[in-house]
Structures are given as structure tokens and as C-alpha cells.
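Me: I am new to this one and would like to go through its aromatic rings. Could you show it to me first?

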Amino acid sequence: MESPTLNRLHEILGEVVLDATAFRHEITAIVDLAGILDALRIIKNDLGFNFLVDLCGVDWPENEKRFEVVYHLLNMATGERFRVKTRVGEGQSVPSATCLWEAANWMERETYDMYGVHFSGHPMLTRILMYDGFDGFPLRKDFPIKGTEAPENRYAPTDIRRNED
Amino acid sequence: MAPDRINISDRLQDDLPTEHMIVNMGPSHPATHGTLRLILELDGEIVVKTTPEIGYLHRGVEKLGENLTYHQFIPLTDRLNYLSAAMNNVGYCLAVEKLLGVEAPPRAQVLRIILSEFGRIIDHLVCITVNAVDLGAFTAFLYAFQQREKVYELYERICGARLTTSLTRIGGMYRDIDDEWVRDAKNVLPGIEANLKEVETLLTRNRIWLERTQNVGGISPEDAVNFGFSGPCLRAAGVDWDLRKNEPYLGYQNFDFDIPIGETGDVYDRYLVRIEEIRQSLRILRQALDKIPDGPVIVDDPHVALPSKDAVYGTMEGLISHFKFIIDGPIAPEGEIYSATEAANGELGFYIIGDGTGRPHRMRVRPPCFIIYQAMDKLCRGKMIADVVAILGSLNIVAGELDR
């Protein structure tokens, strides 16, 4: 994979970068959870990726560390895009990227709301799309597509008039 | 002899205990576009803190995306930024085509540009004039919606629906257009240009508009990039970044157009940037409507697109292929892509993880106005309640895209 950014990242961080993949001309680096904030700081300050495009979560329930938090980054000066991922298990917590980019604020709240991934150091980590007090994390693979709320039983069967002959 | 005048306010000002008032601009409010809730902490008339609350239109689009095939997801993309549905369709189909590794034929690409630019025009018309309505200028809204009706007619002729178009398919377009459509589309453009002049006459040098919108809600370019702004709000702040120029897609590099850049990023600059973007979109449309290449509008690959109806009704292979395609969906390779287009609000991105079946493992929509809306607190600090309304209107927060 030809990527000067990836090479620089390997040089600076060493074994914190666990793996890297390439697909359709896009480079992804998978970084260890302990070093994710350092990696993001280096990518922002030293490698010039000043724009956080997206931050989201992915659920891989068959993995031991089931959640992946994915960061999409953009270098506005060169137009280069880069993707960084980190794997986190249930109950573990990811350092918040709000100290680097203000844009991470609501995106981390949404990842918490939808997956239950906790971000440490976030100014206000509360539910954002679901209502406060909602139980469960909707985008997890074990959350049913039809939801968990009991269907409203508007007409009890005995109320439905039938033609009784 | 007159008594000495006592200035009561001087004496009481320092001792008067005050506390901030919390006012709720509730989800159902005439000045919030869609169901948005703003909790304002006020010191008199000055806003001290703004807490936006969203999620009133959350429909679980991303969860549904994991359970539907790539084709079945197209109508859901209409309903993201419903003001310019065609742009969402185009953005989504480009993302899936990137994942599958196919490219739409040249005629489909130019058609997508034409329909996207019409979508951009109508989105900006709504944003500007609804912003004006919030501040009391109702006439511009009525004038602009006449032109929106004309574009609706064009959309209806091509796909049957005015608002939720579902125009594109993976690998191309749903249907082809004829010369009559091209002629009528060209006839719509002078009307939009004239109407834009009318809207500008009403607003651009209007004393009240200038007082209400200048120096309100400004943001510096560094802050705008830090907050993840994109689209007209970013360009109004002075940052030269437009995906149509910086990362061209669909052949935008073949057309001649400019990108308006603002200075201070305040509400007035955003208004001016949008007006100018409508003009530049008209410029692209004039060029594109003259140079539509001939050819098919959808790729001829049975793994990606439905076979034509005469093949389905006439041959056994066509029938089986149609059936398998509808049931299984286009089979995507294992891998992940991110694809972004310049929608009316900014960078609309789709991050799709394919897993070897016809349904994605993850369908993430990167909504531009979700990320822009985060900055609401910063933009409104120290302003008055009336300014909050002006700023909210200028950011073009569309609840469908915000909450998905």
C-alpha cells in the first residue's frame, strides 16, 4: 500500500498501528485503543489532517472486541483522505477526540447513543437521537429491527365487530 | 427648588440579584424548521447558552439500511434532505457504485449532474426565503416557490414524484429523458434567473435585512474547519473547499463554474454565498443541457442493474436474473468505502461496509447539517433571541438529514 501518511504513522508510533488495509484506493489504519488519541494527535498536528469528516461506530458481534470506532480524516491542503479505526470491547472506554476537533462532540454522542461505547473526557456524553431514558442501544446487531417497545394494543380482539350470523 | 435627580438604576444595578432564565423554543415552533428544540439560557434578552436537542425525526435509517438491499435503500435516501432529494439519491448511488466497482455510463452522469444542480437550486431557494420569512420578509418566499414548482414539474415528468424522487439506480438512472424535457428544462432557467433578481432586489440591499443579518453568527475559518463545517456555511467563513472542484466526481471538471467564498461567515455572507451558488448552478445547467451525450442510461450488468423489461418478459434468463436480483440484491464485495458528494448543505458522505451479501453490514450517512448544528451554541453566545432565529435559518438545518 503506497501511502506516505501510513508510513509516517508507522515510523512515529510503531506497534500501536496494528494493521492497515486498502480497498478501492482508500487506506485504513487500525490502531490500538491505548494509542488512539496519540495517533489522532499526530495525524492532526504533524501530518496536516485538520478536518474530521466523520466519526462512527460499527458492531462486529462475533469479535472479542465487538465495536469499532472509525474516524475519517481529511487534509484540506493536499486533499488526502485517511481512515483510522480502533477496536473496543463492551465496557471499555475510548478517549474522546473533542480536545482535537470540536466536530467530534455530537458524533461521539451519537456513537454512544447507538452503540453504548463510552468516551472518556467528553464534555456531555448523553443520548442525542433517542429520548433520554431510552433503554438499549439501537444500532447493535442484537437490537431487534422492530424495536423493543410493546406494540400499542389499540383494539382488544373482543371490540372488533364481526358479522355474527 | 427641584429635588436632585436620583438615578435609580445606578444604585440598584449592582445589588439587584438576577438569575438566568431558561426558555424553551420547543419542538413545535414556527421559527424552527422542522422539529428542533432549542433550550436557551437567557440573561434578559442576551443568550448565554444554547442547548439544541434533536432526534424528533429519528427514523432509524441506518438500522434499516442494514436490513434492506442496496436497491431498497434508495427511497430512504430521498427522505434525508427532502428539500433536494435528487442530490441524496446521486450521492448514495455513487457510493454503492464505488463499492461495487462499476461506473455509470456518460449519459447517466450528465443527467445526474443536471438533476443535482436543479436540486441545489431549489434547496438554496428554500433556505434563503424561509430564513427571510422568519425575519418577517414573506414576499421572497412566495416568489421563490413559483420557481420551485417549475422544477417540481420537471422532476415529476422524469420520475413521477415531485419531492421524493428516487431518480437514480445503482449503475445509472431510473429512466431516460427525451428532447422535450431538455427543451422545457432550458426554458425554466431564465425564469429562475429573473426570479433570483427579484429576490435579490427584495433582500440584498434592504436596510432591515442588512441590520438583522450582518455581523450576526459569524465564525472564523479556523473555527469553521474545527467544527467540521462544510458547504455554503464553510465557504461563507472564507475557506475555499468545494468537493465539485477539489475532488471532482461525475465529470464536474468538464464544466465551467466558480465557487463563491465569503468573508466573515455571518448570516449575510451565507445568504450571499447561496444566491451566488444558485447563479453558478444555472451556469452549469446551461452548459450541461447542451451537452448530454447519447447512449444508455444504465449499466448493462445483470449483477448490478435490473435487466430491461423485454428481456424479463421475453427470455428465461432475464426472468431468473430479475428474480434473483430483487430477492438477493446486488452482491457487494467485502470491504468498506467512504464516498462524499457536495450536497446543498455540504459534504454528504456515505460510509458503507459490504460483507459479501446483498445487504450492507453498516450503512452510515454522514449528514452535513448534524455537524454544522453543533456549532449553534458558539454562534449564538452573546446574541439576542431574535438573532438565534436568524442564525438557525441560515444554517439550513433540515430535520430529515439531521436526525435520519
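The chat below turns to the aromatic rings and the charges over them.

Me: What kind of model is this?
Reply: This is a predicted model, in which local features need pLDDT of at least 70, side-chain atom pairs count only at pLDDT 80 or more, and totals for chains, interfaces and linings use all residues. Residues are numbered from 1 along each chain as its sequence is written, chains are lettered from A, and side-chain values use heavy atoms, without hydrogens and water.

Me: What pLDDT does chain B average?
Reply: The average for chain B is 89, and 96% of the residues score at least 70; pLDDT is the predictor's confidence in each residue, from 0 to 100.

Me: How many aromatic pairs are there over all chains?
Reply: There are 15. Rings of Phe, Tyr and Trp (its six-membered ring) pair if their centres lie within 6.5 Å; planes under 30 degrees apart are stacked, over 60 edge-to-face, and the rest tilted.

Me: Why is the pair of B:Tyr252 and B:Phe257 edge-to-face?
Reply: Because the planes of B:Tyr252 and B:Phe257 are at 65°, with the ring centres 6.0 Å apart.

Me: Is B:Tyr252 buried or exposed?
Reply: B:Tyr252 is buried, at 1% relative accessibility. Buried means under 20% relative accessible area, exposed over 50%, and partly exposed in between (1.4 Å probe, protein chains only).

Me: Which charged end sits over the ring of B:Phe257?
Reply: That of B:Lys245, 4.2 Å from the ring centre. The criterion is NZ of Lys or CZ of Arg within 6 Å of the ring centre and within 35 degrees of the ring normal.
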